[in-house]
Amino acid sequence: MEDFPDMYQGKVPEDIESFQSERRKIIQPTSLKDPKLEKLKAVLVDWINSTLKEEHIVVQSLEEDIFDGLILHHLLGRLAGVLLSVEEIAVTSAAQTRKLEVILEALNEKLGLQDSSLTRWSVKLIHNKDLLATLHLLVAMVRCFQPNLELPPNVRVEVVLLEVNRSGIKSEKEIEILTDESDSTTDLLSSSDSENPIEQLLKLEPHKINTVKRAIVHFVNKKMSTLGLLVTDIEKQFSDGVILLLLIGQLEGFFVPLYDFNITPVNTTEMLQNVTVALDLLNDIGLPTTNIDPQDIVSQDVTATLKVLYALFKKHKSQ
């Protein structure tokens, strides 16, 4: 560990004393000017503003507009449908901290991060306008709630890891990853010339597989919202062929007659009939499925199911 860098001598962040005996990361000034970081910040600002457009809320700065909990509160309500009993505008520092505690507890639960040791943000960091923590939180929210949003890939920043103690301030430098090299759904599925990108996908790290699955689920739910249907489990909910047939009808603009399939299949034979009809329809509209066995989808095979849904996703994602 080395002494505090010369560039920070005499310019220690004002709130650093509040982190006595703790370790904190601060983005190097040179990294703050990185075009990739600037692009990521711009994408996140645009995402927040488009999400909260109906509420007439406008964010201009991630550093200055997130710390008091107002924006996070509205995002949580809009994206996850979570309504919290907190004051709309917290004026004092103590009130803002209390509000953030409630919001981040609910938000971490929705993100599947109940263990605070797994998060790269905290109430203290967000309230102290820590840009790195704020970016990590917002990127995690995008991945969870809107995984089809394209984030700039391979965004990395050099940070100074600070440790404040009675003897002074010590530091060391390291690289912090904000987004992966292939962090978008399009990149993950287009990175190979393979005829079966889903098979290629399933060889990747689990979190990248989950990113694509969430994107497909988001795509399906957006298209099926007018029918009042919600998909949460790709393998199980498509295994009987009903939602798959309805989805094809919604995307292609035609009605599948109820007498052509079993709307409430009660056995494997009826489920298999439904899936077979669905695959035949896909072939008719020019989406070949000859290498997909209907039995695999009925058996909840994730590869077969994702192949079918990805074919529809690829054709209709821009609509």
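Predicted model: local features only at pLDDT ≥ 70, side-chain atom pairs only at ≥ 80, totals over all residues.
1. Some overall figures to start with. The chain has 319 residues, and 45% of them are buried. If you take contacts between residues at least 6 apart in sequence, 63% of these join residues at least 24 apart. The accessible surface is about 16500 Å², and carbon and sulfur atoms account for 50% of that.

2. Now the inside. The largest nonpolar core has 45 residues, with Leu44, Ile48 and Leu72 touching the most other members. H7 gives the largest share, eleven residues.

3. Leu244 sits in H12, where it is buried along with Val242, Ile243, Leu245, Leu247, Ile248, Gly249 and Leu251. That makes H12 a mostly covered helix, with eight of its eleven residues buried. Just after H12, Gly253 takes a positive phi of about 75 degrees.

4. Leu258 is in the loop between helix H12 (242–252) and helix H13 (268–284). Its relative accessibility is 51%, and since exposed means over 50%, Leu258 counts as exposed. Together with Phe255 and Ile263, Leu258 forms a nonpolar surface patch with about 350 Å² of accessible area.

5. Which residues form the aromatic cluster? They are Phe219, Tyr310 and Phe313, and the structure holds two aromatic pairs. Phe219 and Phe313 are edge-to-face, because their ring centres are 5.3 Å apart and their planes are at 90 degrees. This pair links distant parts of the chain, with Phe219 in helix H10 (residues 206–224) and Phe313 in helix H15 (residues 302–316), 94 residues apart. Phe219 is buried at 6% relative accessibility, and Phe313 is buried at 6% as well.

6. The other pair, Tyr310 and Phe313, is tilted, at 6.3 Å centre to centre and 35 degrees between the planes. Both residues lie in H15, three residues apart, or about one turn of the helix. An α-helix has 3.6 residues a turn, so residues three or four places apart point the same way. Tyr310 and Phe313 are both buried.

7. Two backbone spots to look at. Most residues other than glycine have a negative phi. Asn154, though not a glycine, has a positive phi of about 55 degrees. Asn154 lies in the loop between H7 and E3 and is partly exposed, with a relative accessible area of 24%. Gln300 is not a glycine either, and its phi is positive at about 65 degrees. Gln300 is in the loop between helix H14 (294–298) and H15, partly exposed at 37% relative accessible area.

8. Of the charged contacts, the structure holds eight salt bridges. One of them joins Glu174 and Lys25, with the closest N and O atoms 3.1 Å apart. Glu174 is in strand E4 (residues 168–177) and Lys25 in strand E2 (residues 23–27), 149 residues apart. Each is partly exposed: Glu174 has a relative accessible area of 26% and Lys25 has 28%.

9. Arg120 and Glu176 form another salt bridge, at 3.8 Å between the closest N and O atoms. Arg120 lies in the loop between H5 and H6 and Glu176 in strand E4, so the pair ties together parts that are 56 residues apart in sequence. Arg120 is partly exposed at 48%, whereas Glu176 is buried at 6%. Through shared partners, salt bridges join Lys25, Arg120, Glu174 and Glu176 into one network.

10. Finally, Arg78 and Glu54 meet in a salt bridge at 3.5 Å, N to O. Arg78 is in helix H4 and Glu54 in the loop between H2 and helix H3 (62–65), 24 residues apart. Arg78 is partly exposed, with a relative accessible area of 36%, while Glu54 is exposed at 64%.

Technical notes: Residues numbered from 1 in each chain as written. Heavy atoms only, no water. Patch = residues over 30% accessible without salt bridge, like charges linked within 9 Å, V, L, I, M, F, W, Y side chains within 5 Å. Areas by Shrake-Rupley, 256 points an atom, 1.4 Å probe, with all protein chains shown as cover. Salt bridge = Lys/Arg side-chain N within 4 Å of Asp/Glu carboxyl O. Helix = DSSP H or I, 4+ residues; strand = E, 2+ residues; numbered from the N terminus. Buried < 20%, exposed > 50% of the residue type's maximum accessible area, 1.4 Å probe, protein only. Contact = heavy atoms within 4.5 Å. Core = buried A, V, L, I, M, F, W, Y, C linked by side-chain atoms within 4.5 Å. Phe/Tyr/Trp six-rings, centres within 6.5 Å; stacked < 30°, edge-to-face > 60°.
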